[in-house]
Amino acid sequence: MQQTSHKFKDNVKHALKQPNLRTAIDRTTGLLTSRRRETLAQYPEYAEARATAERIKDHTLDYLDHYLEMFEKNAIASGAKVYWAETPKQATDTIIDICKSHDAKSVTRAKSMLGEEIGIGEALAEAGIERVETDLAEHIIQLADEPPSHIVVPALHKTREEVAELFTEHHADPHKTDDVAALVESARRELRPKYVGADIGISGANFLIADTGSICTVTNEGNAELTTTLPKVHIVNVGIDKLVPSMGHCAVFIRLLSRAALGTEISQYTTYYNGPKRSGDIDGPEELHIVLVDNRRTEIFDSFMKPMLRCIRCGACMNHCPVYNAVGGHPYGYVYPGPMGAILTPAMTSLEEAGDLPNACTLNGRCQEVCPVNIPLPDMMRRLREEQWRRKLTPASMRVGLGFWAFAVKRPWLYRLGTRFSVVMMRWVARAKGKITSLPGAGGWTRHRDLTAPQQGTFMDQYKRGRRS
Amino acid sequence: MSSQTDGSTGARSAILGALRKSLGRTALDLDVVAGEAQSLLGDATRHQPKFDDQTSRARFIERATSERLTATVDEVAALADAPAAVQRYLQQCDLPAQISHPPMDCLRELDWGAIACHETLSPDEPVAVNIADWAIAETGSLVFTSRSDSPTLYSYLPLHHVILVDGGGILRYMEDYWAMIRAADTAPPRSTNFITGTSGTADIEAQNIRGAHGPRFMHIVIFGE
Ligand code: SF4
């Protein structure tokens, strides 16, 4: 996808003007966060599971080279072919080569964020291969020709009314009523024949199990299994961070993933794949290809952002983020939005291209609190801001402002004089009303609400009064 | 030995090389790694949700029939009684007396009475009946593995999925299943499917809707104690 993160502020302005966007976001994140709360309330062992998951991921990262080789060996033993790719281009080239060697005309795809990362959609289009997105949300945004706006529910920015319009326009036999069930049925009818007609199925993986060489997918709709079982060839594109040592370790993540993502104990379909169809099997693909993708994960591995490689892509951090909830996923301008996107975008592109993303955060700490693998997102956000400052990427106005502030704060008499002056000025502006309705330099605040003028003097005045009494 | 193309070989050594450089590790003691991994598994009871006051069967039924999973459950004394239970279900749903089932001997040998059986599976199959290998009480899940007589798609293509499961095969936790597989020490099947309730989607305004791409209805017949 075309990255637009550097235009974050403009993207936000655009998003805030979309009439339906807030409704669409609120309807979804509201339900997801309340369901998560309810499920966790019934799972007193959650804290223990979360701590264990964090330790398992850290252990796996400590021996990632070893576990990757172990996975590769076992996957090959089960009959899969394993490929490695450093860059998105290498990954898509490998996938397109496999497609071409089978003369593939049509590919079904089960949603994976890694696929978005490497630009699998564009690569297939260039190769002239039809791509059928089978996940309902991906199907919606494919019809709308839009990028995903959330990592778990990618069409979150669409209201049901908008989906209804899209389906009426594109489906052969669209819904008759506008309720959500009828829309889902319409997509089922539309996609059914496409599953059967596809030459190749492409999926991602939620987990790779090192000691068995298995791929694990976790879905609700059942589209992954139809995508991976019906066509003759199954290709898996997956990041090298998805490893866990064994099935027993995986169980901890299965307990956490759906609770964090959707507020359910477990998703409907948790499937473990080992190699292609066996002799005598009636269904299943004849070939299984696994493409292990780096895309700068080894660089993240070697940086302060290493804990980011624990991420299980549950989306809880964005569901709970005030910035994400105000503007949605598109303004972030890259594959990953929300708090985790504000880290992954500079990590996978560059701090320059990521623009304001590390600043699109109030540092309220909710994201880390709700993260099932305890990733210190706010700390990393702070580190990225420092890095921006060091590399002089922070806007000049802010640098100058902070320069003045730093000068004053190092000279208490000057700082106090300054604050006293501001208090006097603010009282003067507010006059009898006690409220400031417009203040130069703080238009962003006063456009939507009044600012109360300080009644009690400066902090130091109050502090001194307090000490005397 | 492993890689398929030159580019892949290069990428493989670059990726592993970068990881090793960053880790700064020289030798690797495999016993230490395995020991650490084992100790992380530690005491699974610490993160397994507790339901000590319930039998596995009771928990399984409670979960499977929950609002979230939307399955219905019938209990019969033995596998031989399963066709009658299937017949009851078909009548309840006002469906024709016709089912598809996988080519398993134990299903072929049942007396299906008035129900017409076929072993083909169409993309729009109305009703398929198959047998689960195991069930998991914790989550209300059913476990299927692929074999020559047990294709995967019977659990995904039909609109109504009717599942027979042995009451003695209800395990408490996911880990119990994996421990059993590990003890058996056989190569894992091509596909192991943990299925929990009917196909659903929350993709439009997070509303839970059934029958997205897989079955819209699930009926479980538990046979035996
Ligand atoms: S950072 Fe944590 S909360 Fe956010 S998607 Fe990743 S695992 Fe989930």
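This is a predicted model: local features need pLDDT of at least 70, side-chain atom pairs count only at pLDDT 80 or more; totals for chains, interfaces and linings use all residues.

Visitor: Why is Arg255(A) called buried?
Guide: Its relative accessible area is 1%. Buried means under 20%. So Arg255(A) counts as buried.

Visitor: What makes the link between Arg255(A) and Glu175(B) a polar contact?
Guide: The contact runs from side chain to side chain, at 2.7 Å. The cut-off is a pair of N or O atoms within 3.5 Å. The value of 2.7 Å for Arg255(A) and Glu175(B) meets that cut-off.

Visitor: Where is Asn220(A)?
Guide: Asn220(A) lies in a loop of chain A, between β6 (214-219) and α11 (223-229).

Visitor: How do you know whether Asn220(A) is buried or exposed?
Guide: Compare its relative accessibility, 15%, with the limit for buried, under 20%. Asn220(A) therefore counts as buried.

Visitor: Which side chain does the side chain of Asn220(A) contact?
Guide: That of Ser267(A), in a polar contact of 3.5 Å. The definition says within 3.5 Å, and the contact of Asn220(A) with Ser267(A) is counted.

Visitor: What about Leu68(A) in helix α4 of chain A, residues 64-77: why is Leu68(A) called buried?
Guide: Its relative accessibility is 0%. The limit is under 20%. So Leu68(A) counts as buried.

Visitor: How many Å separate the C-alpha atoms of Leu68(A) and Leu451(A)?
Guide: They are separated by 56 Å. Along the chain, the two are 383 residues apart.

Visitor: Why is helix α16 of chain A said to be largely enclosed by the rest of the structure?
Guide: Because 11 of its 11 residues, 338-348, are buried. Among them are Gly338(A), Met340(A), Leu344(A) and Met348(A).

Visitor: What is noted about the phi of Arg296(A)?
Guide: Arg296(A) has a positive phi of about 70°, although it is not a glycine. Most residues other than glycine have a negative phi. Arg296(A) is in the loop between β10 (287-293) and α13 (297-301) of chain A.

Visitor: Why is Arg296(A) called partly exposed?
Guide: Its relative accessibility is 28%. Buried is under 20%, exposed is over 50%, and partly exposed is in between. So Arg296(A) counts as partly exposed.

Visitor: And what is the phi of Glu205(B)?
Guide: Positive, at about 50°, although Glu205(B) is not a glycine. Glu205(B) is in the loop between β10 (200-201) and β11 (209-210) of chain B.

Visitor: How do you know whether Glu205(B) is buried or exposed?
Guide: The relative accessible area of Glu205(B) is 4%.

Visitor: Which residues come nearest to the ligand?
Guide: Of the 14 residues around the ligand, they are Cys311(A), Cys314(A), Gly315(A), Cys317(A) and Cys371(A). By class, the shell has 12 nonpolar, 1 polar and 1 charged residues. The ligand sits in the second largest cavity.

Visitor: What domains does chain A have?
Guide: The assignment gives domain 1 (5-297) and domain 2 (405-468). Their centres, taken over C-alpha atoms, are separated by 51 Å.

Visitor: And what domains does chain B have?
Guide: Domain 1 (2-42) and domain 2 (53-223), by its domain assignment. Here 40 Å separate the centres, again taken over C-alpha atoms.

Methods:
Residues are numbered from 1 along each chain as its sequence is written. Chains are lettered from A and ligands numbered from 1 in the order in which they are written. Side-chain values use heavy atoms; hydrogens and water are left out. A residue is near a molecule or strand if one of its heavy atoms lies within 4 Å of it. On a 1 Å grid over the protein atoms alone, a cavity is a set of points where a 1.4 Å probe fits but cannot get out, and a pocket is an open set with protein on both sides within 12 Å along at least five of seven lines; lining residues have an atom within 4 Å of a point. A molecule sits in a cavity or pocket if more than half of its atoms lie within 2 Å of its grid points. Ala, Val, Leu, Ile, Met, Phe, Trp, Tyr, Cys and Pro count as nonpolar, Asp, Glu, Lys and Arg as charged, and the others, Gly among them, as polar. Domain bounds come from an automatic or database domain assignment. Helices (H or I, at least four residues) and strands (E, at least two) are DSSP runs, numbered from the N terminus. Buried means under 20% relative accessible area, exposed over 50%, partly exposed in between (1.4 Å probe, protein chains only). A polar contact is a pair of N or O atoms within 3.5 Å; within protein, one must be able to donate a hydrogen and the other to accept it, and residues adjacent in sequence count only if both atoms are side-chain atoms.
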